[in-house]
Amino acid sequence: MDNHLYELLAIDNSKIAKFVGLALESLLEKAQKEFPQDPGTEICDAVLQEVRNLRQPYPAASATNQSQNEVIMPQEDLSLEDTQESTSAPSIPSNLTPTDESNTDKFKLWHLKENFESDPELRRYLGDFQLTSQTDSDLWNEIQCKLLRIPKNMASSWRKRALELAQEAGSKEDASNRDQLPFKDNEDIYSGLKGSVRAKGLCLSKEAPLKPEVLLESKSEDFSEDLYLLASLVSICITFINLEPDLHHALETVYKFDTISLHSKPEQRKKYITALTQRFGHTLKAEKNADEEPLSFLKAWIAVDEAIHSLVFIPPVDSDSWWGELNKRSRRILRKIAQKAQDQGHDVRIRELSGLYADIRSSSSKDYDLPLKVGGIPGEVQACLRVYARINNEGFPGRVIYRLFQ
């Protein structure tokens with residue numbers, strides 16, 4: 001049998017040979033790490049050594065005194081050459097061909113980019129995606145923002161992996177250089193980078209100012225603890241709308257028939273932010289009379305909670321993600337407000353809709369629930385946009401996003 005692979009790898013000055021050799025070496029290294037007890041390990045070692053030998057250029061006459069173990073690098077530029085010494089084994093990026101040399105020249109974090117894009121587990125939570133950043137700094141933040149949408153344990157593992165790949169590219173973690181989002185507590189979200197790549201991180205901070213849209217005619221120091229938390233959530237939503245091109249809205253009073261991209265529809269972005277801040281303003285006013293009119297305060301909080309939860313990704317975020325935890329903070333206070341109304345003698349029931357859509361459909365808005373064909377489990381609720389409420393025997397239907405069976 002002709003061994004055309006060996007013939008190809010042995011061709012000197014062939015970029016195709018070097019590209020295939022790099023990919024094959026990387027895949028073999030990855031296989032060794034994943035299956036250390038496999039019966040094919042010894043043969044794999046031999047094949048890997050043969051590939052390495054074939055990939056090594058023949059020494060020039062002037063270099064005959066160099067060690068036989070030293071790899072003589074070719075003089076011409078090769079787009080994949082800078083990934084050759086990486087300790088982790090990349091898979092071949094689906095969007096890269098042997099003639100596409102711009103990707104590796106463009107990014108110092110190319111290895112991180114292709115590892116992230118080739119991870120099939122991420123697509124379970126993020127859907128089909130391709131990283132679109134044009135600089136290393138933007139790429140770091142784009143990846144970190146995407147990790148806010150997946151389960152926390154998985155996100156933590158990926159952050160560690162991302163930092164290791166960034167360190168291979170000559171960068172170091174920078175925990176001191178972070179943009180701040182307003183919140184009642186200080187909380188790290190993700191670190192930045194310094195060194196070969198400089199990128200800002202992100203954190204929650206008690207010192208960060210609220211967005212002017214939520215201050216209206218009030219000062220932040222005049223807010224109660226619950227209202228300050230709500231103002232922080234609204235401020236964070238507005239900030240991310242300007243940071244995250246993947247964000248959509250599903251707010252029924254703005255557009256009830258579908259989820260709408262806030263990046264490609266600037267008029268919808270303006271309408272959504274206006275509705276969000278107006279609902280916060282109504283809640284702020286209702287709190288002043290909460291003791292006399294607890295139901296008005298409850299209804300106002302249900303409305304602003306709906307606006308916050310109607311800021312969504314497609315597919316919706318995992319409930320155990322950073323975004324999922326952030327949204328739960330509003331619901332916790334909503335339940336506390338409902339309990340206060342009950343303590344004052346009102347018949348109040350609040351229910352967050354989840355589980356099988358068929359089981360909760362009688363409590364939802366039905367005609368204005370939103371079906372999706374991506375993410376989650378077919379037939380199940382993916383996001384509860386508005387809670388179901390029963391207030392003194394009057395029912396107020398909830399609203400959800402659910403996964404179709406198709």
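Reply: **The sheet and its surroundings**

Strand E6 (residues 248–249) pairs with E8 in the antiparallel sense over two bridges; two strands pair if DSSP finds at least two bridges between them. This is a predicted model, in which local features need pLDDT of at least 70 and side-chain atom pairs pLDDT 80 or more, while totals for chains, interfaces and linings use all residues. Residues are numbered from 1 along each chain as its sequence is written, and side-chain values use heavy atoms, without hydrogens or water.

Three strands make up the open, antiparallel sheet, in the order E7-E6-E8. Strand E7 (260–261) and strand E8 (311–312) are at the edges with a single partner strand each, so one side of each has no neighbour in the sheet. Strands (E, at least two residues) and helices (H or I, at least four) are DSSP runs, numbered from the N terminus.

These strands also bear on helix H11 (residues 266–288), whose buried residues are covered by elements including E6, E7 and E8. Helix H9 (212–215), helix H10 (225–243) and helix H12 (294–309) are also among the covering elements, by contact, meaning heavy atoms within 4.5 Å. H11 has 23 residues and spans 34 Å from its first C-alpha to its last, close to the 33 Å expected at 1.5 Å a residue, a figure taken as 1.5 Å times one less than the number of residues. Its buried residues (under 20% relative accessible area, 1.4 Å probe, protein chains only) include Gln-268, Tyr-272, Arg-279, Phe-280 and Thr-283. Ile-273, Leu-276 and Leu-284 are also among the buried residues of H11.

Elsewhere, helix H5 (residues 110–117) packs on helix H8 (residues 152–168) at about 150°, with the axes 8 Å apart. H5 and H8 are therefore roughly antiparallel, a term used for angles over 145 degrees. His-111, Leu-112, Asn-115 and Phe-116 of H5 meet residues of H8 that include Trp-158, Arg-161, Ala-162 and Leu-165. Ala-162 is also a contact of Gln-144, as are Arg-159 and Tyr-190, when neighbours within four places in sequence are left aside. Gln-144 belongs to helix H7 (residues 136–147) and is buried, at 2% relative accessible area.

As for cysteines, Cys-237 is buried at 1% relative accessible area, and Cys-384 is buried at 8%. The search of the whole structure finds zero disulfides, a disulfide being a pair of cysteine sulfur atoms within 2.5 Å.

Definitions and conventions: Buried < 20%, exposed > 50% of the residue type's maximum accessible area, 1.4 Å probe, protein only. Axes fitted to C-alpha atoms, helices over the stretch in contact; angles between N-to-C directions. Parallel < 35°, antiparallel > 145°, perpendicular 65-115°, else oblique.
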